[in-house]
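Colleague: I would like to learn how to read loop residues and helix faces in a model. Please take me through a case.

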Amino acid sequence: LEIKNGNFKYLNEYIFKDLNLKIEKNDFIGIYGESGSGKSTLVDIISGLLKINDGEFLINGKKIENNEFNFSDTIGYVTQNTYLLDDTIKNNIAFGEKDEDIDENKLKKVLNISSLNFVNNLSEGIYSKAGDRGVSLSGGQMQRVSIARTLYKNSELLILDEATSALDKRNEIDFMNIVKGLKNQKTMVIISHKKELFNDCNKIFEVKNKSLVKI
């Protein structure tokens, strides 16, 4: 994914000017920025939800509109506000699939990668209900279900947008250990106001002065 000389404005005010970013396969990129710096807007641009007004947005060297696949289908989001259905943990992971279509082997694999071993202590295991908006689970457990969902979907690009903001330090460390375990297996972009989360990133940028600065 590459953005070349991108400009984005809202109500005639530039949010980004001369934006340049290159994300290569299996990159682990950290994007830092203070509150209000434009990080959320940048996430929407990277994911294709917002279109730049000028410049180029390229996927595999081709303009996004000329690509033959739906780019949004390749993206997995993990945010601080994980949305879970009032359904089983299994169905929340295999989001949108019918029971008969769920790949049990793939499900077992993502449960392991996402450290969802806590389900073994639940009375009904993965058939336990998450509750409305995940009320039956802790914040750390909800984030693990969220990352398991993106892995089950086999997303090529994982975007972690302030994903640890609602977690305490212990759960944050556990969650980041899961993320680190995916390094060199997935392309990942982590957006945060916490620089300490970028220790394992191979590229780090700061949203500054309506652009991106490599740090």
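Colleague: Where is Asn12 found?

Modeller: Asn12 sits in the loop between strand S1 (2–10) and strand S2 (13–22); helices (H or I, at least four residues) and strands (E, at least two) are DSSP runs, numbered from the N terminus. The model is predicted, so local features need pLDDT of at least 70 and side-chain atom pairs pLDDT 80 or more, while totals for chains, interfaces and linings use all residues. Residues are numbered from 1 along each chain as its sequence is written, and side-chain values use heavy atoms, leaving out hydrogens and water.

Colleague: What is phi of Asn12, and is the residue buried or exposed?

Modeller: Its phi is near 65°, a positive value in a residue other than glycine. Asn12 counts as exposed because its relative accessibility is 71%; buried means under 20% relative accessible area, exposed over 50%, partly exposed in between (1.4 Å probe, protein chains only).

Colleague: Which residues of helix H3 are buried, and why are they on the same side?

Modeller: An α-helix has 3.6 residues a turn, so residues three or four places apart point the same way. In H3 (residues 104–113), the buried residues are Leu107, Val110 and Leu111. They are on the same side of H3 because they cover an arc of only 105° around the axis, taken from the directions from the helix axis to the C-beta atoms.

Colleague: What does the face turned away carry?

Modeller: That face of H3 carries the exposed residues Asn105, Lys108, Lys109 and Asn112. The buried residues of H3 pack against helix H2 (89–93) and helix H4 (139–152), with contact meaning heavy atoms within 4.5 Å.
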